[in-house]
Amino acid sequence: MKNFIVLILTLFFISCASDVDKNFKKRFENETPKRVHLKYWCSANPQEIELAKKLTEKWNELHPDIQVEVQPLPAGQSSEEILLAAIAGGTTPDVCSNIWPGAIAEYVKAGGLVRLDEFEDFDSVISARKIPRDLLESFRSSDGHFYQFPWKTNPILLLYNVKIFKEAGVEKPPVTYSEFFSVCEKIKNLKIGVYPGYTDTRPIWWQRFFDFYPLYISASGGKTFFKNGELKIDTISAEKVFNFFKTCFERNYFPITNFQVDPFLTGKIAMRFTGPWTISYLERNKPSDFEYSFAPIPVPDDYRGEVYTYGDPKNIAIFSSTKHKKEAWEFVKFLISEEADLLLLEICNQLPIRGDLLENQKFENYFNRNQKMKMFARQSAFTRGVDEAPEMKEIFDAISHEFEACSVYGAKSEREAVRNLVKRIKVILEWSK
Amino acid sequence: MVKVRRSENRSGYLMVLPYAVYFLVFVAYPLIFSFVLIFHRWNIVTPMEFISLKNFVRLFRDELFFKSIINTLIFLSIHIPLQIVVALFFANLLNQNVKLRGFFRALYFLPVVVSGVVVTILWQQLYAYETGLINQILSNSGLRKIPWLISPELAMPSIAIMATWKNVGLYIVLFLAGLQSIPRELYEVAEIDGASGLQKFFKITLPLLNPTIVLVVVLSTIGGFSLFIEPYIMTGGGPMNSTLSAMLYIYNQAFYFNHMGYAATLGFFFATIIFIVVFLQRKFIEREVY
């Protein structure tokens, strides 16, 4: 009998235990959310792939329930075309960090992007980055909302060869157009087969981001082409810039040719307009005695005030195809954290868009080690991107054609070039309305 | 009897089916679709938007499109006469009793069968300003280098010369066929009457070759209007849009800026121009041949 009671009690406890186990399992399953998978596209250059891999590895470690898979943007003619094709084909990622503001209008029109200001903490995240108000406003879409998070900028500055400057007796980099021409004249007079400056003359629309556009922004004191959705080109500044390059080509300061190897590294040219990515390239490839430095973009002689330039911003967006908006937003916040920004500086030598780059102690060590980047950091508050207007690509194509005709070949006056440009842009815009 | 006819009908329909399917899929459907596109704005991604005649409004204000048509006409005005003169000259030579006639006929036809892209890339290297073979020969002979593709004035004629070299073989064959269909008796009679070589050429050969000339003019006009590969690869339309052909401009609008509707409008407008030009050519050049 005793044995029987022990057996019954044992069976009872076992059954209870298995019941507890079942209940526990059930409760655990209900409480543990399913694992979320996000897809993140980054730019396809090696440094940014490295950065994206490091960041996602860290994120995946910290968030086992939200796993992010990183993929470089698939190869193609331009990232804008690939993203548009992805929207059309429904193959967009959840998050992409290579968004060019000039293409935002088309993505929004295609219904491809999530409104970022619908997230409750959007304002506090933005204000933590201390982005200058006017710069921040330049990323607001025409419907008053934000579809892109300002991420990184690459201000265009004047790169110059210190040694050639010294040889020519130039003590400081040129500030105004006439100073620029006098520097060019001094270099030309050296007669050592060095061209004072260079820009790619091919009429490819994005080439104008490295000559006409930064100089237009600086000459106009930070203006772009549109204001409140209306075409407002500063024609006087545009004429001055066309004339500046016209003089450079006419006087043979700039050659009309394409070089097979980098003309700056080989000492064939003394100046060019470029961004901070050039630093790591030059450091890797320069001969031991090669010296270079950067200076702000030259401005017209009568210009007073801060010198602005083109910032070449690339931003982060969440695609509306995502099934996990909240998780994607959390990941975006991780991508723009101070730690991530420091990695962006360290790995890619590209500047995060934030107002406290030189004050924030987090970045102090980096800038002390990379003095040349300090100039870009100082400039980053005074940058402009491109307007969020439809057909920006065709507008820049029109600029390229006028630039070629007026500045490179001198076939028309700057006034005529600007008049034609405005006329053509109006035709394009009227059609696209 | 009826049964047989029906089965004959069926096999007849079956035999034309491949072409009918091809026609419907690759000719009729794209044609109808592009006609619909004329009244729409469509960038492939966003839904089509009806804009009535806005594409035409833009077309008539698009200076670059009219420049591209003028460029194409400049190309034709160099290419067609050059083509006819060169083709006729070589056809006459190859119609004589020369040694290795078959070999030469094949040789002149060779560029026609070689891919246009390959020919263009080769000529691009020949024309290169600093490193091109032609300029090297010129500078070695103490002459000045010619900016074949980098001068706005010379770029289009340079392309026309290349296109002539590429296509002339086909027209030589056509002229050869035309020459061989002229009765020999006419020449014999002319010789008895004491006609000179030139007289025979202008009074017999040229008038009797009229149908072939019309064919060559029409074919090379249509071919010339569709000038695309050469400027696309060699110059990208530059310098200063001097080699921007109408087809290249339409292509850019469609596949570079994604303006499908506008490109379709340009395409239809351009097709109308080609039709008018070919119609006028036939009206003024075609003659009755006895």
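**Close-up 1. The surroundings of A:Val95 in the predicted model.** Leaving aside residues up to four places away in sequence, A:Val95 touches A:Leu38, A:Tyr40, A:Ile316, A:Ile318, A:Ala328, A:Phe331 and A:Val332.

**Close-up 2. The largest nonpolar core, with 115 residues.** Within this core, the residues that touch the most other members are A:Val95, A:Val241, A:Ile318, A:Phe331 and A:Val332. Helix α16 of chain A, which spans residues 392-408, gives the most to the core, namely 9 residues. At least three residues of the core come from each of domain 1 (36-147 + 314-352) and domain 2 (157-310 + 388-432) of chain A. A second, separate core has 30 residues, and B:Phe75, B:Tyr127, B:Trp148 and B:Tyr249 are among them.

**Close-up 3. Domain 1 and domain 2 of chain A.** The centres of these two domains of chain A, taken over C-alpha atoms, are separated by 30 Å. Where the domains touch, domain 1 of chain A contributes 10 residues and domain 2 of chain A contributes 9 residues. On the side belonging to domain 1, helix α4 of chain A (residues 104-109) provides the largest share, 3 residues, and by class that side has 4 nonpolar, 5 polar and 1 charged residues.

**Close-up 4. The contact between chain A and chain B.** Chain A brings 15 residues to this contact and chain B brings 13 residues. On the side of chain A, the elements that give two or more residues are α3 (79-89), α16 and α17 (414-432), with the largest share, 5 residues, coming from α16(A). The side of chain A that touches chain B is made up of 10 nonpolar, 1 polar and 4 charged residues.

Note on methods:
Residues numbered from 1 in each chain as written. Chains lettered and ligands numbered in written order. Predicted model: local features only at pLDDT ≥ 70, side-chain atom pairs only at ≥ 80, totals over all residues. Core = buried A, V, L, I, M, F, W, Y, C linked by C-beta atoms within 7 Å. Buried ≥ 20, exposed ≤ 12 C-beta atoms within 10 Å, placed from the backbone. Helix = DSSP H or I, 4+ residues; strand = E, 2+ residues; numbered from the N terminus. Domains from an automatic or database assignment. Contact = placed C-beta atoms within 7 Å. Nonpolar A, V, L, I, M, F, W, Y, C, P; charged D, E, K, R; others polar.
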